[in-house]
Each structure stands twice: as structure tokens, then as C-alpha cells.
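Please read the points below with the sequence and the model side by side.

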Amino acid sequence: MKRLRITMAAALGVVVALALAACAPNQGSSSPAGSTGDPAAAVAWSIDVDCGTCHIAEQASYGQPDCLAGKHADSSCLSCHVDAAALEGIHDNKASTDKMPSRLKKTEVLDATCLACHYGTKEALAANTPGVKVTDENGTAVNPHDLPATDEHGRIVCGNCHVPHEAAPTQTQAETKCTTCHHQNVYECHTCHD
């Protein structure tokens, strides 16, 4: 009986030691950005990396039904962020303690990526969303998917209004984008400028 207790104690000791070793920091792994304690670890980005390890807020947005990311929870990060070469370049020479950017600045989600799942073309998108409207102070309603052709409108991309990792409603995001140019919240032409 004494030998059984010693054997069980030894086995328990091995299990505890292994568990503690598994939880110990791995010097070669990257930890979340901004973490403290251990020295900065180099970020080794690859197409197979778990983005949520560092991009904690974005990962959390997949669990929020008000976020577009939550509506795309079955998709991987690389379903939308398809430019692997740019992502690799952005992560080059980064460390786990670097400040996490609040927005994508050196990569973008292309309209073609969104349209690959949503109607195929901008024309088809506009035709299939006739009830989608943003309205100005005068009651002028426009479909943001079917804007008059101008240089300014040509620079609007899906991600300007559909910000996937923020909980603000798409309607609010769209109206915010409109008022960056329509600063008096008036959509008719020539009401402010000649």
C-alpha cells in the first residue's frame, strides 16, 4: 500500500510538472501586443498564424453579433485580409510589445474581396439593395451602393461604411462617411458650393 502511495505521488508530481511546463512562457512564441513581463518576443507571422493571439480586440469582435465580424464568424481572418505579402511585410521586425495599430494602414480589404461573396459586382449590389438608404437633413435619401459617378464617390470602398470589427451600426458608419464631404449633411449638389 505504501509503495502504491509513493507511485501515485510520483505520478501526480510528473503530471503537475508537465502542466506547469505547458503553461510556462515559450521564449520563441509571440505574446499579445502590449504585454508586460517577459522581454519582447519577435512576431513570426505566417499564413497559418492565429491572428487573435495579438489582435485581441478584433478576435473578440467575432463574438459580438452587432459587429460585421460576428456575422462572418465562420470566416477566417484571411478570407478578407487576402494580401499575404503585405501582411508579412507589416509584421516584419515587429515585437510582441509594439503598440497595436487601431486601423489597417498599409493593407486594405479590397472591394473585389467583399463582392466575391456579396452579389459579384457593384452594379448587382446596387440592384439588390434598393431599400438601403442614407438620408440627409432635407429628407433626400440615396442608396450608398448606387451613388452618382464622381471622383469622390469613386474613392469610397466597402470598408468605409462596413467596418467589421466595430459595433457601430453600418447605417451610422455610412452616414459618418457621407458627412466627411457633405459636411452640412445635405446631399443635393450645389447647395453649399458653386
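1. Basis. The model is predicted, so local features need pLDDT of at least 70 and side-chain atom pairs count only at pLDDT 80 or more, while totals for chains, interfaces and linings use all residues. Residues are numbered from 1 along each chain as its sequence is written, and side-chain values use heavy atoms, with hydrogens and water left out.

2. A search of the whole structure turns up zero disulfides, a disulfide being a pair of cysteine sulfur atoms within 2.5 Å. Cys77 is in none, and its nearest cysteine sulfur, that of Cys51, lies 3.9 Å away. The relative accessible area of Cys77 is 22%, which makes this residue partly exposed; buried means under 20%, exposed over 50% and partly exposed in between, with a 1.4 Å probe and protein chains only. For Cys178 the closest cysteine sulfur is in Cys161, at 6.2 Å, too far for a bond.

3. Helix H10. Helices here are DSSP runs of H or I with at least four residues, strands are runs of E with at least two, and both are numbered from the N terminus. Helix H10 spans residues 170-178, and Gln173, Ala174 and Cys178 are buried in it. Seen down the axis, the buried residues of H10 fall within an arc of 140°, so they line one face of the helix; the arc is that of the directions from the helix axis to the C-beta atoms. These residues pack against strand S1 (134-135) and helix H9 (158-161). Cys178 has 16% relative accessibility.

4. Core. The largest nonpolar core has five residues: Val134, Cys161, Ala174, Cys178 and Tyr187. Such a core is a set of buried Ala, Val, Leu, Ile, Met, Phe, Trp, Tyr and Cys residues joined through side-chain atoms within 4.5 Å. Beyond its neighbours within four places in sequence, Val134 is in contact with residues including Ala174, Cys178 and Tyr187, contact meaning heavy atoms within 4.5 Å.

5. Helices H5 and H4. In helix H5 (residues 84-91) the buried residues are Ala86, Leu87 and His91. Their arc around the axis is only 130°, which puts them on the same side of H5. H4 is included in what covers them. Cys80 sits in helix H4 (residues 77-80) and is partly exposed at 31% relative accessibility. Apart from neighbours within four places in sequence, Cys80 is in contact with Val109 and Thr113.

6. Salt bridge. How many salt bridges does a search of the whole structure find? The search finds one, taking a salt bridge as a side-chain nitrogen of Lys or Arg within 4 Å of a carboxyl oxygen of Asp or Glu. Asp111 and Lys122 form it, at 3.0 Å from N to O. Asp111 belongs to helix H6 (residues 111-117) and Lys122 to helix H7 (residues 122-128), eleven residues apart. Asp111 is buried at 14%, whereas Lys122 is partly exposed at 40%.

7. Ser61 and His165. Ser61 lies in helix H2 (residues 56-61) and is buried, with a relative accessible area of 1%. A polar contact of 2.7 Å joins its side chain to that of His165. A polar contact is a pair of N or O atoms within 3.5 Å; within protein, one must be able to donate a hydrogen and the other to accept it, and residues adjacent in sequence count only if both atoms are side-chain atoms.
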